[in-house]
Amino acid sequence: MKRLIVLAALGLLAASLVGLAASWSRIFDYVNHFRPQLAGGGAALLCLGLLVRSRLTMLLALAALGLNAGMMGYRTAQFWPPSMVETPSNGTVLLKLLSANVLVDNLETAAFIKQIETHDPDIVVLLELNPSFQSAMARFNQRYPHTVIV
């Protein structure tokens, strides 16, 4: 039983490391989409290692958990909203883009309108737009005079 758990932890760590080779192949990058699940697996295997008292399992699971949590934190920091990051002092202009898939069946426009008013983006991109959202967006025709509907 311990061997099987150690192999699972080793496999988890190996899968976690594969994502680091994303720059070499797109296939390796797919692992990065599952970082939260891999971190959860690391936490579960860490608990299992504690339960069966396997130091190797705990070490491998902790390494996998740390790697995946670290990668998630690194990725989150890369895409942190500009308003929460120090504004560049070198005269750089920040451009705010709001993109949303509003889904054809979605008729709740008020929450999205509030997002636009709150964040005041420079560009708004809507996917799967329906007539309800088209009419709700009409109030922004002055703010966003250039409209393309495909």
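Ala-39 counts as buried, at 9% relative accessibility; buried means under 20% relative accessible area, exposed over 50%, and partly exposed in between, using a 1.4 Å probe and protein chains only. Ala-39 sits in helix H3. Helices are DSSP runs of H or I with at least four residues, strands are E runs of at least two, and both are numbered from the N terminus. The model is predicted: local features need pLDDT of at least 70, side-chain atom pairs count only at pLDDT 80 or more, and totals for chains, interfaces and linings use all residues. Residues are numbered from 1 along each chain as its sequence is written, and side-chain values use heavy atoms, with hydrogens and water left out.

**Chain overview**

- The chain has six helices and two strands.
- From the N terminus on, the order of elements is α-α-α-α-β-α-β-α.
- Of the 150 residues in the chain, 25% are buried.
- Take the contacts between residues at least 6 apart in sequence: 59% of them join residues at least 24 apart. Contact means heavy atoms within 4.5 Å.

- Leaving aside neighbours within four places in sequence, Ala-39 is in contact with Leu-65, Asn-68 and Met-72.
- Ala-39 and Ala-63 are 24 residues apart along the chain, and their C-alpha atoms are separated by 9.9 Å.
- H3 has 18 residues and reaches 25 Å from its first C-alpha to its last, close to the expected 26 Å at 1.5 Å a residue. The expected span is 1.5 Å times one less than the number of residues.
- Buried residues of H3 are Arg-35, Leu-38, Ala-39, Gly-42, Leu-45, Leu-46 and Gly-49.
- Viewed down the H3 axis, these buried residues fall within an arc of 125°, so they line one face of the helix. The arc is that of the directions from the helix axis to the C-beta atoms.
- Gln-37, Cys-47 and Leu-51 are exposed on the other side of H3.

**After H3: Arg-53 and Ser-54**

- Arg-53 follows H3 and has a positive phi, near 60°.
- Ser-54 lies in the loop between H3 and H4.
- Ser-54 is buried, at a relative accessible area of 8%.
- The side chains of Ser-54 and Thr-57 are joined by a polar contact of 2.9 Å. A polar contact is a pair of N or O atoms within 3.5 Å; within protein, one must be able to donate a hydrogen and the other to accept it, and residues adjacent in sequence count only if both atoms are side-chain atoms.
- Not counting residues up to four places away in sequence, Ser-54 touches Val-6 and Gly-49.

**Nonpolar cores**

- The largest nonpolar core has twelve residues: Ile-5, Val-6, Ala-9, Leu-12, Leu-13, Val-31, Leu-38, Leu-45, Leu-46, Leu-60, Ala-61 and Ala-64. Such a core is a set of buried Ala, Val, Leu, Ile, Met, Phe, Trp, Tyr and Cys residues joined through side-chain atoms within 4.5 Å.
- Helix H1 (2-18), helix H3 (35-52) and helix H4 (55-78) are the elements that give two or more residues to this core.
- H1 gives the most, with five residues.
- A second, separate core has eleven residues, including Phe-112, Phe-133, Ala-136 and Tyr-144.
- Ala-61 is in contact with Ala-9, Gly-42, Leu-45 and Leu-46, leaving aside its neighbours within four places in sequence.

**Ala-15 in H1**

- Ala-15 has its place in helix H1.
- Ala-15 counts as partly exposed, at 28% relative accessibility.
- Ala-15 touches Val-31 and Leu-38, not counting residues up to four places away in sequence.
- Ala-15 and Phe-34 are 19 residues apart in sequence and 9.9 Å apart in space, C-alpha to C-alpha.

- The structure holds two aromatic pairs. Rings of Phe, Tyr and Trp (its six-membered ring) pair if their centres lie within 6.5 Å; planes under 30 degrees apart count as stacked, over 60 as edge-to-face and the rest as tilted.
- Phe-112 and Phe-133 have ring centres 6.0 Å apart and planes at 70°, so the pair is edge-to-face.
- Phe-112 lies in helix H5 (residues 109-119) and Phe-133 in helix H6 (residues 131-137), so the pair ties together parts 21 residues apart in sequence.
- Phe-112 and Phe-133 are both buried.
- Thr-109, in helix H5, counts as buried at 17% relative accessibility.
- Thr-109 is in contact with Ser-132, Phe-133 and Ala-136, leaving aside its neighbours within four places in sequence.
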